[in-house]
Amino acid sequence: MRLMLLVIAGVVGFDQASKIAIEAALQPGQAFPILGDWFRFLLVYNPGAAFSLGSESSTWLFTTFQLVFLVGVLLASPRIDDRFQAIALAMVAGGAGGNLVDRLFREPGFWFGHVVDFISVGDFAIFNVADSFITVGVVLFLAAVFTEEHRARKAVTDTPQNSIEQPARPAKEVDDEH
């Protein structure tokens, strides 16, 4: 649980620091090209969901979902045994937490705040650090679940009752002459 709390806090902190820095450097709608128009920083305030999807009328729903998910992960964290799954879920929860801070404390007001988005890649939607952690965390969590299932299946097929037992071989004797 401690590891998950550290990851969540780290992601929220990194996300909020990146948003503070970009707001200090750019005005809304202003672009800062990194690799031309293909990769740039472009400050926008997003009332919708991740990757600028959704609309202002559903802001309260996104806020509620993020809060419920974050609390759910925190409550479930003591029961998560797999370290890889724990880190992945903490990344998703941290991303949700980073955007939740925006929804709670940014304009136009509590529970309806707009999320700061600023990473623009080609014609893809504009997103932020929190969205990136959510996406990577989901992919890592799915990989951890599939890996765990594979290990569990392999453990079942490798048990002695499911395979022909081989007699134990005697240990090699060490040649004293060498």
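A polar contact is a pair of N or O atoms within 3.5 Å, where, within protein, one atom must be able to donate a hydrogen and the other to accept it. The legends below describe close-up views of a predicted model.

View 1. Asn99 lies in helix α3, which covers residues 83–105. A polar contact of 2.9 Å joins the side chain of Asn99 to that of Asp131, and the side chain of Asn99 also makes a polar contact of 3.1 Å with the side chain of Lys19. With a relative accessible area of 3%, Asn99 is buried, because that value falls under the 20% cut-off.

View 2. Of the 178 residues in the chain, buried residues make up 35%. Among contacts between residues at least 6 apart in sequence, 65% join residues that are at least 24 apart. The accessible surface of the chain comes to about 11,200 Å², and 67% of this surface belongs to carbon and sulfur atoms.

View 3. A search of the whole structure finds seven aromatic pairs. In the pair formed by Phe41 and Phe118, the ring centres are 5.7 Å apart and the planes meet at 70°, so the pair counts as edge-to-face. Phe41 lies in strand β2 (residues 39–46) and Phe118 in strand β3 (residues 115–121), so the pair ties together parts that are 77 residues apart in sequence. Phe41 counts as partly exposed, at 25% relative accessibility, whereas Phe118 is buried, with a relative accessible area of 5%. Ring pairs also bring in Phe39, linking Phe39, Phe41 and Phe118 into a cluster.

**View 4. The tilted ring pair of Phe110 and Trp111.** Phe110 and Trp111 form an aromatic pair with 5.9 Å from centre to centre and 45° between the planes, an arrangement that is tilted. At 53% relative accessibility, Phe110 counts as exposed, while Trp111, at 23%, counts as partly exposed.

**View 5. A nonpolar patch on the surface that includes Ile34.** Phe32, Ile34, Leu35 and Trp38 form a nonpolar patch on the surface, and together these residues have about 440 Å² of accessible area. Ile34, one of the members of this patch, lies in strand β1, which covers residues 31–35. The relative accessible area of Ile34 is 38%, and this residue is therefore partly exposed.

View 6. Not counting residues up to four places away in sequence, Leu140 touches Phe84, Ala88 and Met91. Although Leu140 and Met91 are 49 residues apart along the chain, their C-alpha atoms are separated by 9.3 Å.

Definitions and conventions:
Residues numbered from 1 in each chain as written. Predicted model: local features only at pLDDT ≥ 70, side-chain atom pairs only at ≥ 80, totals over all residues. Heavy atoms only, no water. Patch = residues over 30% accessible without salt bridge, like charges linked within 9 Å, V, L, I, M, F, W, Y side chains within 5 Å. Areas by Shrake-Rupley, 256 points an atom, 1.4 Å probe, with all protein chains shown as cover. Salt bridge = Lys/Arg side-chain N within 4 Å of Asp/Glu carboxyl O. Helix = DSSP H or I, 4+ residues; strand = E, 2+ residues; numbered from the N terminus. Buried < 20%, exposed > 50% of the residue type's maximum accessible area, 1.4 Å probe, protein only. Phe/Tyr/Trp six-rings, centres within 6.5 Å; stacked < 30°, edge-to-face > 60°. Contact = heavy atoms within 4.5 Å.
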